[in-house]
Amino acid sequence: MLAKFDRGFAQWIAVIIVTLIFVVAQKEWGWLSKYPEGWIIPLDDALNAILDWLVGNLGWFFLGISWLLDWPIKGVRWALNSLPWAVSVFLVTLIAQAASGWRLAVFALLSTLYMVVIGYWEESMNSLSLLAISVPLAILVGFSFGVLGFFSRRAERAIMPMLDILQTVPAFAYLLLILTLFGFGTVVGLIASVLYSFPPMVRNTIVGLRGVSDEIIESGIMSGATPAQLFWQVRVPSSLRQLLLGVNQATMASLSMVIIASIIGGTADIGWEVLSTIRKAQFGESLLAGLVIALMAMIIDRVTSGFAARSGEYDPTEKSFARRHRYWIAAIIGTVLFFALAEFVNVLEEWPREMEFSPAGALNDGLTYLIVNFRTEIETIKTLSLFFVMLPTKIGLQMAVSPFTWGFAMTPAHAAAYAFGMIAIAAFCTAKWNWRIGIFILLFAIFFYIGLTNMPWPAVVLVYSVAGWRIGGYRLGIGTALGFGFMAATGIWHEAMLSIYLCGIAVIISFAIGASIGIWAAHNDTVSAIMRPINDTLQTMPLFVILIPFVMIYKIGEFTALLAIIAYAFVPAVRYSEHGLRNLPENVIEAARMMGSTKWQMLWQVKVPLALPVMMLGLNQTIMYGIAMLVIAALVGTKGLEQVVYVGLSDGNFGHGFVAGIGMAIIAIIADRMTQAWSGKRQVELGLA
């Protein structure tokens, strides 16, 4: 028992004592509960001044870039819209066949035919024209930075924080900057798309180039290769699979910006269709248009993944010219044939409006039926969740418990019983398992009773900083303290706590649901097969579309935002949990089986502990997805940092919105570093790394 009381335990007890002192003292010392306004750094004013200087002195330069980039977009759009739809469908199907076989070809054929029949073919081609420019630009920029980071560790140390910021700061936070510099139009969407999508290419380029074995490099040197030949003819081909994965991720990231590009570009593309139907609260229409984006994403994902998987294949057999270039020959013959057919069969040139089919009305009727016939159950779920989970987490039990909400008023006797019960539970968990669980329960008890928004800000900084230090070392601890200090010093502390409160609840629920489904899918191939298209659809469906049904059922409010975040963020937990459990060392599983482990013991005492590091990566991505959806949830009335971002955009206050965006990035980066550090430690402890 005494062995459990090590230095870490003593440190956490000290943190809890200091936290309780801050809680009691904040009534006397007001600066503990609210960061003094006189201490706030006016960073937003400085950012606005920088933007004004850029517009005044370099505005002509940015407008010139905008004019230059507008031409290739128009050219690609004209080319895509000039092709008969039958030719485009044939070429997409052929590419899918070349990438991954007939199954993907059939899926691509049915998906593109859906776009035609549903009446969104022209809009889909307009969106594809933006991708056709943004993706190559993102790949070029990402590869260039990746090569720079590969050759220079100093450059890498500067590049990585930039990537973190670009991938975690909401796009809405810097939209005003891009709009002000480049003007309104399609090019603004292109630039926003490139900024968001090139970081994955950078990371994969660095990983791929560094993953080339020393033996391959040595053989290249011994063959007399120059440094340039060694790079372009040895390193790059050897890392092609990883580079193609970077292309895949950059493409998917670029596609996820379609809606944002439509907001600031105002073009007649599929993103604009989604946005316009959402504004009219047309659930069926927005779902059908959003499904087009999801299908495009799935096709591109499978095609690029297929080419990446085949990049390392080597076929030594001799083949004829026709055999080696069969897909190019088929593309030429098929294109000419369908062009000729389209000249005689008009329906292959342009699908008639009268032949379009749309089940939007049925979808709207189905949602209306659900709302009307299950109103009581819907309101019950909302009430229980709001008053017994969300409200106490936000403002604390001491303020949430009342005769109106819980049926009784909080008294000193209730508070004492709560404290005694939580201490008893913590003591039991410490004795039964380890002191870390007990400390977590005590900290949870304090936060749940006081409420995250009512906790003294120095206490929150202390708790999270010590957690970062204990998990990832002193650097993570200092970084966490500086990050939370930034949010306090720039005047966004209260909004940051609201964002952490809502996103925190959503992430916990998402991970619990996702991990449970992932465990089930890992042991049941049918469940796995069912979940894969569901996961694909939810991950590629525009976030705005996911929000719509919850708004129609529960109206606007924090509970609606919570459900939308859960619906989007549980998917990574499913994927990583299943992946971790399906890829465990066979020798360990066999040893546990030979020792007579039951199925329950095998799962919870062998498989889950071994897969936990991978599952924690799923938690990492769940947090990232939750924060991404949180920005969209601001549209339904949340009051955190995400709302400040929108206010800054609508008021033309770039600095105000960007500071809030940096705050969201800080939360995401801290969560990312903590979960990665914990996962790494567990892998080392289990001998997996």
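1. A salt bridge is a side-chain nitrogen of Lys or Arg within 4 Å of a carboxyl oxygen of Asp or Glu. By that rule, this structure holds 15 salt bridges. Please keep in mind that the model is predicted: local features need pLDDT of at least 70, side-chain atom pairs count only at pLDDT 80 or more, and totals for chains, interfaces and linings use all residues. Residues are numbered from 1 along each chain as its sequence is written, and side-chain values use heavy atoms, leaving out hydrogens and water.

2. Have a look at lysine 74. Its salt-bridge partner is aspartate 70, with the closest N and O atoms 3.1 Å apart. Aspartate 70 and lysine 74 are separated by about one helical turn, because they are four residues apart in helix α3 (residues 43-82); helices here are DSSP runs (H or I, at least four residues), numbered from the N terminus.

3. Lysine 74 has an aromatic neighbour too: its charged end sits over the ring of tryptophan 71, 5.5 Å from the ring's centre. "Over" asks for NZ of Lys or CZ of Arg within 6 Å of the ring centre and within 35 degrees of the ring normal. The charged end of arginine 470 likewise sits over the ring of tryptophan 469, 5.9 Å from its centre.

4. Now for rings with rings: a search of the whole structure finds 30 aromatic pairs, counting rings of Phe, Tyr and Trp (its six-membered ring) whose centres lie within 6.5 Å. Phenylalanine 428 and tryptophan 433 are edge-to-face (planes over 60 degrees apart), because their planes stand at 90°, with the centres 6.1 Å apart. Trp29, Trp31, Tyr35, Trp39 and Trp457 form one aromatic cluster.

Definitions and conventions:
Helices (H or I, at least four residues) and strands (E, at least two) are DSSP runs, numbered from the N terminus.
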